[in-house]
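User: I would like to go through the labels attached to this model and see what each one rests on. Please set the values against the cut-offs.

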Amino acid sequence: VSATCQHLACRSHQVYRALRPPLTQGGGGSLLNGLHKCLVHGTKSAFQVAVEVLLTLQSLVTSSGGASL
């Protein structure tokens, strides 16, 4: 993951968290798929993006109040 791509990926997750959209099956699935790709890649920059994905998932679950789980 190049530095530019990493920065854009991290920033997009930060914006997504700020918007606080409802947790949907499709959105959650996409985030989990992205997390998987980051973990498989295994580089430091991929792990930094993975942290942003995890923070985003945490935010979505917290804001949903567990109602959609």
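Analyst: Helices here are DSSP runs of H or I with at least four residues, numbered from the N terminus. Gln 25 falls in helix 2 under that rule. The model is a predicted one.

User: What makes Gln 25 exposed or buried?

Analyst: The cut-off for exposed is over 50% relative accessible area. Gln 25 has 76%, so Gln 25 is exposed.

User: Why is Thr 43 called partly exposed?

Analyst: Partly exposed covers the range between the buried limit, under 20%, and the exposed limit, over 50%. Thr 43 has a relative accessible area of 29%, and therefore belongs in that middle class. Thr 43 sits in the loop between helix 2 and helix 3. From Gln 14, which is 29 residues away along the chain, Thr 43 is separated by 20 Å between C-alpha atoms.

User: How do you know how many disulfides there are?

Analyst: A disulfide needs two cysteine sulfur atoms within 2.5 Å. For Cys 5, the closest cysteine sulfur is that of Cys 10, at 11 Å, which is too far for a bond. Cys 10 is in no disulfide either, as the nearest cysteine sulfur to its own, in Cys 38, is 8.5 Å away. The count under this rule is zero.

User: Which accessibility classes do Cys 5 and Cys 10 fall into?

Analyst: Cys 5 has a relative accessible area of 46%, which is partly exposed. Cys 10 has 12%; buried means under 20%, so Cys 10 is buried.

User: What is the span of helix 1 compared with the expected one?

Analyst: Helix 1 runs over residues 3-19, which is 17 residues. The distance from its first C-alpha to its last is 24 Å, close to the 24 Å expected at 1.5 Å a residue.

User: How do you know where the buried residues of helix 1 lie around its axis?

Analyst: The buried residues of helix 1 are Gln 6, Cys 10, His 13 and Arg 17. They cover an arc of only 60° around the axis, so they lie on the same side of helix 1. An α-helix has 3.6 residues a turn, so residues three or four places apart point the same way. On the other side of helix 1, the exposed residues are Thr 4, Leu 8, Ala 18 and Leu 19.

User: Why is Arg 17 counted as buried?

Analyst: Arg 17 has 17% relative accessibility, and the limit for buried is under 20%, so Arg 17 is buried. Arg 17 is in helix 1. Between the C-alpha atoms of Arg 17 and Thr 56 there are 5.6 Å in space, against 39 residues in sequence.

User: What is noted about phi of Arg 20?

Analyst: Phi of Arg 20 is near 50°, which is positive, and the residue is not glycine. Arg 20 is in the loop between helix 1 and helix 2.

User: What makes up the lining of the largest pocket?

Analyst: Seven nonpolar, four polar and one charged residues form the lining of the largest pocket. Among the twelve lining residues, Gly 34, Leu 35, Lys 37, Cys 38 and Val 49 lie nearest the centre. Helix 2 (25-41) and helix 3 (44-64) each supply at least two lining residues, and helix 2 gives the most, with seven. The volume of the largest pocket is about 170 Å³.

Definitions and conventions:
Residues numbered from 1 in each chain as written. Predicted model: local features only at pLDDT ≥ 70, side-chain atom pairs only at ≥ 80, totals over all residues. Heavy atoms only, no water. Buried < 20%, exposed > 50% of the residue type's maximum accessible area, 1.4 Å probe, protein only. 1 Å grid on protein atoms, 1.4 Å probe; cavity = no way out; pocket = protein on both sides within 12 Å on 5 of 7 lines; lining within 4 Å. Points joined across faces, edges and corners; volume = space filled by probe spheres on them. Nonpolar A, V, L, I, M, F, W, Y, C, P; charged D, E, K, R; others polar. Expected span 1.5 Å × (residues − 1). Arc of directions from axis to C-beta.
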